[in-house]
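Please look over the structure shown here with its sequence.

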Amino acid sequence: MDVCQFGIILTALLTMVTSFAMNVSATDIKLGAVFAKDGSDRNLEQAFNLAIELINSGSHDVLPSNTTVRPVIKYVQPNDSMDVSSHVCNIIKHGVAAVFGPTSIEGAATARSVCNLHNVPHIDTRWDFHEDQHSNGSFSLAPQPSHVGHVVKKIITAYEWSNVAILYHQESGMGRLKGILPMSVGEDVSIRFFPIGRNFKSVLKQLKTNGEKNVVIDCRRDICVKLIDKMLELQMLRAYYSYIFLSMDVHLPLYENYSGDDVNMTILHLTNRSSPYHKQITREWLRTTNESNFMSESALMFDAVHMVVEAVKMLPNHYQSESLTCEDRHSKWHQGLTLINEISTTQYDRGLTGPLEFDDIGNRLHPTIYVSELYREVMEQIGYWSEYTEPSLILEPTSAKHMANLSHTDKTLIVGTIAEKPYVMLKKVDPGVEFEDNNDRYEGFCIDLLKELAERIGFKYEIRELESGVYGNDLGNGEWSGMIGELMKKKVDIAVAPLTITYDREKVVDFSKPFMFLGITILYRVPEPQNPGVFSFLSPLAFDVWLYVVIAYLLVALSLFLLARFSPYEWYNSHPCNPEYDEVENQFSFFNCLWFSFGGLMQQGSEINPRAFSTRVLSGFWWFFSLILISSYTANLAAFLTVERMVSPIQNADDLAGQVAIEYGTLRYGSTKTFFKNSKIDTYKTMWEYMREKPNVFTSNYKEGIDRVLESNKYAFLMESTTAEYTISQHCNNLTQIGGLLNSRGYGVGTPLGSPLRDEVTKVILKLQEEDRLLQMKNKWWKMDKCVQEHKNKEDANELDLSNIGGIFLVLVAGLIVGLITAVCEFVWKSRQNAEIDRKSLCGEMMAEMRFACRCNRKRRISKTMEQTTYLPAPMYHRQSVNGNTIPIAETVA
């Protein structure tokens, strides 16, 4: 080949290349799009226009600088197939390279049918794309339902959920969820399905009642927004609930509006939010649209435009548009099948949603699905799922889910409590004074404890008082009333109240370490003080002691009489001047023994003294006995005369169970009732049988029980000892505690099962115990100065009045009367004897004796009897001597 021929050939080639370049540059690439007239596809339209704008600007280097992409946009009624068909036919007349949309199911099916008939590629970015709608020439950029099912399954496994509730709005969502079903068979996961009807609130209430806290939700964006609002209304957006939302087309900032209570929200999305490319497109989006809602469907539309333009660029022959008509069924685009094949076989690696790759029927292959969680008002990307990686789901070790469980800073917790003195009380303020914050209305021990917990853990709180005043009772079927029920239903985050820790409660809620230890005690009215009484001087000794003293007195007197009779030293000559007098006497007659013993008992003695050693020994021991007895009596007499005694009819639980005059009961719902119901101790079983047969002895709250005790001394109230101590401090003159503690238990802070807050509360309580803060707080609310002062005054002795010692005056008066009667009897008896001797009448003799007694003469009148019995010395006679001694003989003449 010579130079001339080579030049000719080169010139021809250059001419052809230039001609091709000129043809390409002169040809516009038209892209058709169908959007809804109602504006529901506004974000898709904005993404469609943004992609064309960036391509035409050359910033993405997709086409030569002199190539232009032009949009052909039509607006249709979403569900009007005829309207969609008409506008799609209008679009293909413009010679478009592909048709995008619409988003409605009926409209997309119509557009796909028209495009397939004329070999025009149809691009679908809808999330709810159905597998049975696939056909050659139609491409779905959304991940297949099976991909989403695999992602959800991996997340459930990673979060270690054992119970899962699935909410779905359309049956089409079951395609995405069918991959989860095998978990309920082989992986011990309980799965329950709940269809979302028109009444969102009812299905959410059902979830809450069933205690479902791990929920997977599949629904459209508009349904999601309404559903989340109802969750907020029902207080289901809290830290105890975990949600996985499958609606990728829901814009991410939506969830950030509900992060105040640290709800665990996990969402799936197709864009890598941390990539520079995503950040660049986001900035362009904000610049052109001034909106932050760059949704997954918008990202898919953005990628679809770039993918189609890239495929047009890769056509083996230069792009040639053709005007097609729907009137001619044989009107087909001759490059359409080539472009469809190019899209199917070429992988577009620069996609915002990751690499774009399709199978033979237009389904997307090997998508990358990203996982984000809500953490501190920001959706934080924590991992991704891909079929190309092993493991397929990769989550960051510092995921927001775990971080949220480790910190409660700046949370606003709902704190449940019950008004109970002195734990929680309303402040006493002047009328008309209002509090800016509802929390400021309360005071008490539990309020101080709550402030310490909030300050040391770092959370905000809102106090919610339970009006029913019920702490918690098992209603059966796994349901509880009162505060325990509120914790189970997660209506409150934490319960700070005098909530007793029991075995049954621990099975349904979590408790911290006890912040106060206590037991059940008996609250009873202080017995009315009893005056000592007129005969209170007898009280120092019991009746049986008095009886034993009398017996001892008689026994000593009798013993002394017998010893004196048998002892020869107690017999003596009554005429000591006459040694030969052969009659002897014994001074310890029985009456004299009684007098001697009585004198010794009274520590006064008598004119009679024992002579024998045996009687003296007995007398000494009797005097020692009398000394100890009188000393003990005197010492105890002071207390009985100066102190008003208060005798209670019951002293302990055994006394209470052994009588029926005094009623007793406890709270109708609470741990105290449960204790007696389940007790195996005979005394407590007897008390439970009594209370069960008399339902009226139970009270609705502590105040009702305390009032019943104050109003009557025929009722005893069984309650916690700490509350009883405070009540007694407020009514120290009227109420008292009977006996000791019937059992031992503790108050704890309650949290729902599985709450991470429980461990942090326990640490703070242990720290407060070590610092004696709990003791200081208890002293603050339990110690009352006024009652302490009153008890001090009680210790002072009272002055004695007639009611205290009046009995001894009665005894003295009785002695005077007995002595007077005895003297009268002696006077009458002696007068009668003298009257017989003087041979006078009894009245005359009594009058003579009366006149003599009234003369106050110290000399006694001698009666004839005395004259006749006057002793005269007898004359002495000398008898014969005996042994030379003369024996004198005296004769007494009366």
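This is a predicted model: local features need pLDDT of at least 70, side-chain atom pairs count only at pLDDT 80 or more; totals for chains, interfaces and linings use all residues.

Residues are numbered from 1 along each chain as its sequence is written, and side-chain values use heavy atoms, with hydrogens and water left out.

**Salt bridges**

The structure holds 17 salt bridges; the term stands for a side-chain nitrogen of Lys or Arg within 4 Å of a carboxyl oxygen of Asp or Glu. The table lists some of them.

| Pair | N to O distance |
|---|---|
| Asp 448 and Lys 780 | 3.3 Å |
| Glu 452 and Arg 456 | 3.2 Å |
| Arg 456 and Glu 771 | 3.0 Å |

Helices (H or I, at least four residues) and strands (E, at least two residues) are DSSP runs numbered from the N terminus. The salt bridge between Asp 448 and Lys 780 links distant parts of the chain: Asp 448 lies in helix H15 (residues 445-458) and Lys 780 in helix H27 (residues 773-782), 332 residues apart. Asp 448 is buried, at 14% relative accessible area; here buried means under 20%, exposed over 50%, and partly exposed in between (1.4 Å probe, protein chains only).

Glu 452 and Arg 456 are four residues apart in helix H15, so about one helical turn separates them. Glu 452 is buried at 12% relative accessibility, whereas Arg 456 is partly exposed at 36%. Arg 456 also forms a salt bridge with Glu 771. That pair again links distant parts of the chain, with Glu 771 in the loop between helix H26 (757-770) and H27, 315 residues from Arg 456. Glu 771 is partly exposed, with a relative accessible area of 34%. A network of salt bridges connects Glu 452, Arg 456, Glu 771 and Arg 773.

**The sheet**

Five strands make up an open sheet with parallel pairing, in the order E2-E1-E3-E4-E5; two strands pair if DSSP finds at least two bridges between them. Strand E2 (69-76) and strand E5 (138-140) are the edge strands, each pairing on one side only. From one strand to the next the twist averages 25 degrees. Axes are lines fitted to C-alpha atoms, for helices over the stretch in contact, and angles run from 0 to 180 degrees between N-to-C directions.

Strand E3 (residues 98-100) runs parallel to strand E4 (residues 122-124), and two bridges join them. Val 99 stands opposite His 122 in E4. Helix H4 (residues 105-117) packs on the sheet and touches E3, E4 and E5, its direction making about 155 degrees with that of E4; contact means heavy atoms within 4.5 Å.
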